[in-house]
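Visitor: I am new to this structure, and I would like to understand the words used to describe it. Could you show it to me and then take my questions in turn?

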Amino acid sequence: MSGSILFNAIVLLAGAVICVPIAKRLGLSSVLGYLLAGILIGPYVLGFIGNEGEDIMHFAEFGVVMMLFLIGLEIEPKNFWQMRKTIVGMGGAQVILTMLLSYFILILLGVNWQVALTISMAIALSSTAIALQTLKEKGLMDTTYGASSFSILLFQDIIVIVMLAVIPLLAKTDDIPPAATSITTEAHGSLLDSLPIGLQALAVFSSVILVVILGRYVIVPMLRLVAKARVRELLTASSLLIVVSISFLMELVGLSPALGAFLAGVVLATSEFKHELESTLEPFKGLLLGLFFMAVGASINFVVLSAYPLTITGLLLGTILLKAIVLFIVGSIFNLKLDQKLLLTVGLAQVGEFAFVLLSFAFDLNILNTEQLDMMLVVTALSMTIAPILGIINERLILPKVGTKEAEKRPIDHIAKTHKVILVGFGHFGSTVGRFLRASGVEATILDHDSNRVDLLRKMGFEVYYGDATRIDLLESAGITEAKILICSIDNPDVAIPFAKTLIKKYPHLKLMFRAKNRYDAYELLELGIQNVYRESLDTSVKMAADVLTNMGHRKYTVHRQSQKFIQYDEEMLRKLTEKPKDTKEYIFKVREEIKKQEEQLEEDLKRGIIDDSRQWNSEEMKLAAKKNENA
């Protein structure tokens with residue numbers, strides 16, 4: 001309708017603002033909301049976005065690069081190295097099996113072998129953006145399914161480099177048009193094309209080493225200098241500079257920009273700027289990923305779809321079914337449980353964003369004709385659009401029937417009764433709570449979404465149910481109507497806070513005890529009316545400060561009392577702040593005021609002698625008292 005950049009920005013933002021909240025309200029994923037927004041504003045429905053959608057796609061793909069950089073920040077180099085067998089094993093098996101099966105099927109259908117090999121390479125790739133975004137939304141990154149999906153996707157991002165190198169070999173030299181040189185430069189890193197193969201490999205290896213060296217000895221010192229300037233926008237600019245520069249370097253040598261960004265994230269995972277980089281880039285990543293999903297939706301060519309409905313439908317269903325079978329086989333080879341295999345099968349059965357690059361590159365080299373390109377692009381976009389819908393069907397209709405639901409039978413003296421305590425989440429935090437309760441003679445019904453962890457807990461004798469604890473039917477099965485206390489140890493506030501709202505609404509009789517990762521999460525939970533909120537870092541940090549005082553010669557009992565008072569006053573201060581308006585200036589003023597009061601109260605306690613006179617835990621005085629008793 002208009003070629004104005006501002007007009008396009010308004011349309012894209014409006015589409016996201018309208019469609020995503022509707023999708024979330026209907027219980028759908030945000031990814032599906034973005035895809036539907038793209039379909040509506042695209043050239044084949046409302047027509048707000050036309051041919052410029054291709055330019056938007058190139059820009060939006062940078063969101064995938066940022067996503068992998070942030071994921072790399074969460075993985076320490078040691079853990080990444082430990083995953084190498086899973087990455088090569090699961091990822092390699094999935095790509096090779098998918099390519100072989102799709103290649104032979106296409107050959108049987110009479111397709112030229114060069115075309116068949118090109119299409120099979122594209123089909124072997126899954127959507128990193130959709131799969132990882134879904135994993136994050138559902139809080140499944142730390143599950144067996146999450147680790148397996150990540151390993152396969154990372155291998156696919158690596159193997160794209162090889163695929164881009166192979167595709168030019170499939171074209172006859174006489175058929176390559178002059179414009180192909182520029183395409184090769186863009187997609188394959190042609191700055192190295194004139195070099196011998198050995199030097200190209202050396203340049204690629206050197207670029208990886210360079211990223212590691214830059215991360216340790218250039219990027220971190222640079223961020224320290226920027227931090228000293230205390231100008232926040234400079235840190236934002238520096239964060240963007242890091243990602244853009246590394247992506248550009250990777251493109252120059254023919255590597256995937258997303259892979260380079262991931263590697264940079266892993267290198268910086270142990271730096272002191274890890275959390276600052278995450279918080280700075282997260283808004284950009286979310287916005288660009290949303291733009292990417294909308295660009296995918298807008299790219300669905302309904303003209304081609306209406307011209308070849310049966311062919312495209314057959315290709316779409318065949319592709320999804322083929323990939324699903326391969327993923328299920330790979331999951332079986334690596335001993336995943338049935339529910340984890342189903343999640344893996346459905347989560348990665350779509351064709352990915354790198355297929356757009358491969359197919360377009362093959363078209364420019366005259367390997368694919370216009371008809372083949374158009375149909376495969378439509379199949380790719382449709383498979384990405386259908387993926388979230390298949391995930392919802394799997395989650396709501398299939399998994400509840402085949403997942404680990406019933407508790408295993410136990411000896412007569414350990415038969416589980418209806419417990420008064422329900423514990424949601426049995427990770428590092430929840431396991432400590434659960435084990436302490438059990439050691440104290442209190443049994444709890446445990447809900448967890450990792451079936452491998454569920455099986456381990458059952459062998460240990462815990463009463464445990466597998467599944468998403470936010471499902472009402474699972475809560476009912478766990479006996480929530482008879483329970484008195486629910487402990488939530490979920491570490492993802494995007495999951496925990498909506499869960500808290502549901503519990504408050506449906507089970508008002510229940511006493512809720514919620515874990516909070518930090519002060520901000522605690523503030524939000526307290527605003528909902530939950531009185532028992534536990535910040536995971538509060539007691540530990542106070543204990544560390546107490547140990548410092550003890551090592552400096554302060555009496556242990558004095559320090560203990562002072563620590564308890566500090567925690568008491570800090571909790572009271574946080575509750576007072578929830579009663580105040582959310583205006584930032586007033587909030588900061590109130591925080592400073594409450595901190596001052598807290599320090600004054602602690603000082604008054606010392607002056608009154610409440611703590612100084614407490615000598616019960618003074619070991620030296622206890623020894624002297626014991627000797628006096630012996631002499632008496």
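The conversation that follows sets the terms used for this chain against their definitions.

Guide: This is a predicted model, in which local features need pLDDT of at least 70 and side-chain atom pairs count only at pLDDT 80 or more, while totals for chains, interfaces and linings use all residues. Residues are numbered from 1 along each chain as its sequence is written, and side-chain values use heavy atoms, with hydrogens and water left out.

Visitor: How many helices and strands does the chain have?

Guide: The secondary structure comes to 28 helices and six strands. Helices here are DSSP runs of H or I with at least four residues, strands are runs of E with at least two, and both are numbered from the N terminus.

Visitor: Why is α1 called oblique to α2?

Guide: Helix α1 (residues 5–25) and helix α2 (residues 30–41) pack at an angle of about 135°, with their axes 8 Å apart. Angles under 35 degrees count as roughly parallel, over 145 as roughly antiparallel, 65 to 115 as roughly perpendicular and the rest as oblique. The angle of about 135° therefore makes α1 oblique to α2. The axes are lines fitted to C-alpha atoms, for helices over the stretch in contact, and the angles run from 0 to 180 degrees between N-to-C directions.

Visitor: What makes the contact between α1 and α2?

Guide: Contact means heavy atoms within 4.5 Å, and the residues that make this one include Val11, Leu12 and Gly15 of α1 and Ser30, Gly33 and Tyr34 of α2. By class, the contact of α1 with α2 has ten nonpolar, three polar and one charged residues. For these classes, Ala, Val, Leu, Ile, Met, Phe, Trp, Tyr, Cys and Pro count as nonpolar, Asp, Glu, Lys and Arg as charged, and the others, Gly among them, as polar.

Visitor: At what angle do α6 and α9 pack?

Guide: Helix α6 (residues 84–108) and helix α9 (residues 144–170) pack at an angle of about 60°, with their axes 8 Å apart. Among the residues that meet are Thr86, Ile87 and Val88 in α6 and Ser148, Ser151 and Ile152 in α9. The residues of this contact divide into ten nonpolar, seven polar and no charged.

Visitor: Why is serine 383 called buried?

Guide: Buried means under 20% relative accessible area, exposed over 50%, and partly exposed in between (1.4 Å probe, protein chains only). Serine 383, which is found in helix α19 (residues 370–402), has a relative accessible area of 2%, so serine 383 is buried. Not counting residues up to four places away in sequence, serine 383 touches Leu316, Gln350 and Val351.

Visitor: How do you know that valine 211 is buried?

Guide: The relative accessible area of valine 211 is 2%, and therefore valine 211 counts as buried. Valine 211 lies in helix α11 (residues 197–229) and, leaving aside its neighbours within four places in sequence, is in contact with Ile246, Leu249, Met250, Leu263 and Ala264.

Visitor: Where is aspartate 450 placed, and what makes aspartate 450 count as buried?

Guide: Aspartate 450 is in the loop between β2 (445–448) and α21 (451–459). Its relative accessibility is 6%, so aspartate 450 counts as buried.

Visitor: What share of the chain is buried?

Guide: Of the 632 residues in the chain, 47% are buried.
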